[in-house]
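Thanks for coming, everyone. Please take a look at the sequence and the model on the screen. I'll walk you through a few places in turn.

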Amino acid sequence: VDIVLTKTEILKRNQILALAQDSMMVIVHDKTNATGSFLLYGSDSGLELSGNQGTGKALGDMNGYQLKFAPSTGGGETYMHLFVPSSSMPSLVTPA
C-alpha cells in the first residue's frame, strides 16, 4: 500500500514516526469501483512502514512524504487483501 502526503509538517512527521514503531493492519477505501469496497491488508503478519520525505527545490518537485506499507519481514500474507463489509466500518474507525 503506497500513500503520498503533500506538505511536510511537524504533526504529520510525528504521526508517521509513531506508525513506524510497530507492524499494523491497514484498511483502504477503494473508491475506484461502484461499490466503494474496503480492503484489509496485513491480516496475517502485519505491515511495516517505510518511506521517504521529499523537500523539493524546483516548482514541480515533491514536497511531502511517500509512505509504503509492506508485509512484515519474515512474514508472508496468505491473501493479497481481504474484503471488509462496509457495515463493519463504524465499529473499526475511531474519529480523529
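Strands β1 and β5 run antiparallel, and 5 bridges join them. This is a predicted model, so keep that in mind throughout. Let's go along β1 from one end. D2 stands opposite K68 in β5. Further on, T6 has a bridge partner in β5 too, and that partner is G64.

Now, how many residues of β1 are buried? The number is 0, out of 5 residues, so β1 lies largely in the open.

Stay with β5 for a moment. β5 also pairs with strand β4, which covers residues 47-55. Here 9 bridges join the two, and they run antiparallel. Look for G54: it stands opposite G64 in β5.

Next, salt bridges. The count comes to 3. Let me take D2 and K68 to begin with. Their side chains meet in a salt bridge, at 3.4 Å from N to O. D2 is in strand β1 and K68 is in strand β5, residues 63-71, so the pair ties together parts that are 66 residues apart in sequence. And remember, D2 and K68 also stand opposite each other in the strands.

Are these two buried or exposed? D2 counts as exposed, because its relative accessibility is 57%, and the cut-off for exposed is over 50%. K68 is at 40%, so K68 counts as partly exposed.

Move on to K7. K7 is found in the loop between β1 (2-6) and α1 (10-19). K7 forms a salt bridge with E9, and the closest N and O atoms are 3.9 Å apart. E9 has another salt bridge, with the side chain of K12, at 3.8 Å from N to O. How accessible is E9, with its relative accessible area? The value is 33%, which makes E9 partly exposed.

One more thing about K7. Check its backbone. Phi of K7 is near 70°, a positive value in a residue other than glycine. Why point that out? Most residues other than glycine have a negative phi.

Now the other sheet on my list. It is open, has 3 strands, and its order is β2-β3-β6, with antiparallel pairing. Which strands stand at the edges? They are β2 and β6 (82-84). Each has a single partner strand, so one side of each is left without a neighbour in the sheet. From one strand to the next, the twist averages 35°.

Zoom in on β3 and β6. They run antiparallel, and 3 bridges join them. L39 has its bridge partner in β6, and that partner is F83.

F83 deserves a stop. F83 sits in strand β6. Its relative accessible area is 62%, so F83 is exposed. What does F83 touch, beyond residues up to four places away in sequence? The contacts are S37, F38 and L39. Take F38. F83 and F38 are 45 residues apart in sequence, yet 5.9 Å apart in space, C-alpha to C-alpha.

Then there is S37. S37 is placed in the loop between β2 (26-29) and β3 (38-41). Is S37 buried or exposed? S37 counts as buried, because its relative accessibility is 14%, and the cut-off for buried is under 20%. Leaving out residues up to four places away in sequence, S37 touches V28, H29, D30 and F83. So we have a contact between S37, which counts as buried, and F83, which is exposed, and that contact is on both lists.

Last stop, the surface. I27, L92 and V93 make a nonpolar patch of about 250 Å². Find L92 in helix α2, residues 89-92. L92 has a relative accessible area of 48%, so L92 is partly exposed.

Quick recap. β5 is joined to β1 by 5 bridges and to β4 by 9. The open sheet has the order β2-β3-β6. The patch is made by I27, L92 and V93. That's my tour.

How values were computed: Residues numbered from 1 in each chain as written. Predicted model: local features only at pLDDT ≥ 70, side-chain atom pairs only at ≥ 80, totals over all residues. Heavy atoms only, no water. Patch = residues over 30% accessible without salt bridge, like charges linked within 9 Å, V, L, I, M, F, W, Y side chains within 5 Å. Areas by Shrake-Rupley, 256 points an atom, 1.4 Å probe, with all protein chains shown as cover. Salt bridge = Lys/Arg side-chain N within 4 Å of Asp/Glu carboxyl O. Helix = DSSP H or I, 4+ residues; strand = E, 2+ residues; numbered from the N terminus. Buried < 20%, exposed > 50% of the residue type's maximum accessible area, 1.4 Å probe, protein only. Contact = heavy atoms within 4.5 Å. Pairing = 2+ DSSP bridges. Axes fitted to C-alpha atoms, helices over the stretch in contact; angles between N-to-C directions.
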